[in-house]
Each structure stands twice: as C-alpha cells, then as structure tokens.
Amino acid sequence: MNSSKDILAKSGASFVAGSSISINGLYELTKPRLSLLSVFTASLGYLVHDPFRNDFSILVCLTIGTAFSAAGAATLNQWMERKEDALMTRTSNRPIPSKLVSPAFALLFGLTLSIFGLGVLYAGTNIWAMILTFSTLFIYLLFYTPLKKKSSWAIEVGAVSGALPPLVGWVAAAGSPTTYGWILFGILFAWQLPHFMAIAWNFRNDYTKGGFKLHQFGASDGKDLSRKSLLYTFLLTLLVFAPYFIEIGQSSPGVFYFCSAVLLSVYMIVAAIRFFLSSNRDFYSKKLFIVTIIYLPLLFSALVIDRYL
C-alpha cells in the first residue's frame with residue numbers, strides 16, 4: 001500500500017510532467033502593456049493626492065503590489081479564456097493556446113502573482129488599497145470575463161474593475177476613499193468605454209469566432225455602439241472638469257491642467273463624433289482607439305504636473 005508521501009510525490013511529479021514552462025510565455029501571460037496601465041494610473045492617483053510626500057516606501061509598495069496583482073489578473077483571465085483564445089486570430093498565439101505554458105501552471109502562476117500583490121499592498125500601504133485591488137480582481141475575473149460571452153454590457157462591467165487602480169493609488173496616500181479619488185475613478189471608467197468600444201468594433205469578426213458579444217449592441221452597422229461611445233466621451237469631458245466644481249478638500253487644479261483638459265477633450269470629442277457619424281466606421285474606430293491611447297497619459301500627467309506647479 002502506498003504511503004501518503006508516495007501519493008504526494010506522484011501527484012507533484014504528475015503536475016510537473018503535465019506543465020510546460022516558457023519564460024517568454026510567462027511574461028506574455030501577464031499582459032505587460034495592460035498591467036503597466038494599471039501601475040501607471042495607480043501611481044498617478046498617489047501623486048495627485050500628495051506629490052510632495054517624502055515617504056517613498058508607500059509608493060514603491062503600491063507600484064509592486066499593483067504590478068503583481070494586475071499581472072495575476074491578466075494571467076488568470078487568459079487561463080479562463082484559453083479555449084476562446086485558441087479560436088481567435090489575434091489571440092491564438094497567446095502562451096496557453098500556443099502551448100508555451102500549460103493551463104495548470106498558468107493557473108498556479110496567476111494565483112501566486114495575485115496573492116503576492118495583495119500581500120504587498122496590505123503590508124506596505126493600507127487595507128483600503130488591498131480591498132480595492134481585491135475588488136478589481138473579483139469583478140474582472142468573476143463578472144467581466146464570463147459576461148463577455150453574454151452581453152456587450154460586459155464593457156461597462158470591465159470598466160469598473162479597470163477604473164479602480166487610480167482610486168487604489170489615492171487611498172494609498174489618503175488612507176481612505178474621498179471625493180477626489182472617486183473622480184479619478186470616474187475619469188478612467190468613462191475613458192475606457194470609447195477606448196474598448198473602438199477595440200470591440202475593430203475586432204468584431206474575431207470576437208464572433210470566440211463567442212464574445214462585446215460588439216453586439218444595437219444595429220449591426222455599429223451605429224448604436226458608436227453613439228454610446230460618444231455619450232461616454234461627453235461624460236468623460238464632464239468628469240475631467242469636475243474638480244473645479246466639487247468641494248474636494250484639496251486645492252483645485254490650476255491653469256495648466258485646465259488648458260490641457262480643454263485641448264484633449266476637443267481632440268477626444270472630435271474623434272468620437274467621427275466614429276459615430278462616418279460611414280467608414282472601421283477607419284474611424286481605429287482613429288478613436290489611437291486618440292484614447294494618446295489622451296489618457298497626457299491628461300493624467302497634466303494633472304500631476306499641475307499639482308507641482
């Protein structure tokens with residue numbers, strides 16, 4: 001009769017034997033560019049609150065914790081969608097479908113990254129930052145990911161989880177959520193809608209192959225999807241100027257941020273209007289996507305720079 005040690009040894013050997021590991025595959029599992037966006041917005045949320053703070057240990061822990069948590073979420077998302085990814089042209093070369101990393105090891109890797117990231121945030125920042133980051137993982141993996149195959153409203157749900165990092169950065173500095181922190185959350189939430197609706201329209205054929213319904217909102221010509229994108233762009237414009245009209249307990253942004261926000265808002269609105277009105281929606285959806293990529297880092301950077309000025 002086998003001992004418990006023999007059983008455990010065989011189980012471990014079986015897991016290792018069924019697990020392929022590629023360093024490059026592990027790196028790609030973390031979706032480094034998307035994870036970097038979470039790190040970037042979380043760090044800016046921290047700096048907007050108090051750019052002159054001398055305690056850099058909190059910022060370092062915030063950066064590390066957010067990076068590992070975002071990487072873990074990306075890995076677990078790919079583990080959950082590995083079958084769908086294999087069906088779509090743009091995702092078929094991801095690490096799991098291309099067999100660079102086995103599903104078993106990807107699951108272990110994703111859980112390890114997530115738990116480590118949450119632990120760093122709890123130990124190095126505060127419990128609010130850890131709770132909000134856990135909420136990000138929870139919404140992203142258990143609500144957004146399965147909803148993508150059922151409704152285009154998954155974009156809004158995913159935007160909630162994607163908008164939490166700047167609030168995480170804010171509470172790491174402030175100790176708890178405040179009005180300004182929620183404004184930062186609202187800005188990133190509203191920005192994500194035109195950004196991801198442009199992506200959904202660009203890759204609608206691939207999404208159909210994978211069984212996703214992110215682009216299936218209203219008319220099949222994309223008119224309703226582009227209209228909703230435009231409406232969220234108007235909401236975004238209102239939110240970027242909200243600090244001037246709401247009592248936030250901090251000094252209001254100055255002229256530099258105001259001028260930057262005006263120029264960037266016009267830039268964004270024009271792109272969203274063209275996406276909505278043009279008969280060549282494929283072309284202008286790509287233009288809108290590029291505009292959103294330019295818009296966000298410039299807006300948030302202007303907000304931080306303005307705090308220094």
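Student: Leaving aside its neighbours within four places in sequence, which residues is Gly181 in contact with?
Tutor: This is a predicted model, and in it Gly181 touches Leu167 and Trp170, once you skip the neighbours within four places in sequence.

Student: OK, and where does Gly181 sit?
Tutor: You'll find Gly181 in helix 10.

Student: Is Gly181 buried or exposed?
Tutor: Gly181 counts as buried, because its relative accessibility is 0%, and the cut-off for buried is under 20%.

Student: How far is Gly181 from Val168?
Tutor: Along the chain they are 13 residues apart, and their C-alpha atoms are separated by 8.4 Å.

Student: Let's look at helix 9 then. How many of its residues are buried?
Tutor: Helix 9 covers residues 164-174, and ten of its eleven residues are buried. Among them are Leu167, Val168 and Trp170.

Student: What covers the buried residues of helix 9?
Tutor: Several other helices do, including helix 3, helix 4, helix 7, helix 8, helix 10 and helix 14.

Student: And what follows helix 9?
Tutor: Gly175 does, and its phi is positive, near 100°.

Student: Which residues other than glycine have a positive phi?
Tutor: Lys31 is one of them, with phi near 45°. Lys99 is another example, with phi near 65°.

Student: Where are those two lysines?
Tutor: Both are in loops: Lys31 is between helix 2 and helix 3, and Lys99 is between helix 5 and helix 6.

Student: Buried or exposed, for Lys31 and Lys99?
Tutor: Lys31 is buried, with a relative accessible area of 15%. Lys99 is exposed, at 66%.

Student: New topic: how do helix 4 and helix 7 pack?
Tutor: They pack at an angle of about 15°, with their axes 10 Å apart. That angle makes helix 4 roughly parallel to helix 7. Their crossing is right-handed.

Student: Which residues make that contact?
Tutor: From helix 4 you have Ser69, Ala73, Leu76, Asn77 and Met80, and from helix 7 there are Thr133, Leu137, Tyr140, Leu141 and Thr145. The contact of helix 4 with helix 7 divides into six nonpolar residues, four polar and no charged.

Student: Tell me about Tyr140. What else is it in contact with?
Tutor: Leaving aside neighbours within four places in sequence, Tyr140 contacts Lys31, Ala73, Asn77, Thr145 and Ser161.

Student: Why does Tyr140 count as buried?
Tutor: Because its relative accessibility is 16%, which falls under the 20% cut-off.

Student: How far is Tyr140 from Ile96?
Tutor: They are 44 residues apart in sequence and 19 Å apart in space, C-alpha to C-alpha.

Student: Now helix 12 and helix 13. What's their packing angle?
Tutor: About 170°, with the axes 9 Å apart. That makes helix 12 roughly antiparallel to helix 13.

Student: Which residues are in the contact?
Tutor: Helix 12 brings residues including Leu230, Leu236 and Val240, while those from helix 13 include Leu277, Ser265 and Met268. The residues of this contact of helix 12 with helix 13 divide into 13 nonpolar, five polar and two charged.

Student: What about the largest nonpolar core? How many residues has it?
Tutor: It has 71 residues, and those with the most contacts inside it are Leu62, Leu236, Val240, Tyr295 and Leu299. Helix 10 gives the largest share of this core, 15 residues.

Student: What does the second, separate core include?
Tutor: That one has nine residues, including Leu29, Ile96, Val101 and Phe109.

Technical notes. Residues numbered from 1 in each chain as written. Predicted model: local features only at pLDDT ≥ 70, side-chain atom pairs only at ≥ 80, totals over all residues. Heavy atoms only, no water. Axes fitted to C-alpha atoms, helices over the stretch in contact; angles between N-to-C directions. Helix = DSSP H or I, 4+ residues; strand = E, 2+ residues; numbered from the N terminus. Parallel < 35°, antiparallel > 145°, perpendicular 65-115°, else oblique. Contact = heavy atoms within 4.5 Å. Nonpolar A, V, L, I, M, F, W, Y, C, P; charged D, E, K, R; others polar. Buried < 20%, exposed > 50% of the residue type's maximum accessible area, 1.4 Å probe, protein only. Core = buried A, V, L, I, M, F, W, Y, C linked by side-chain atoms within 4.5 Å. Left-handed = near helix turned anticlockwise from the far one by under 90°.
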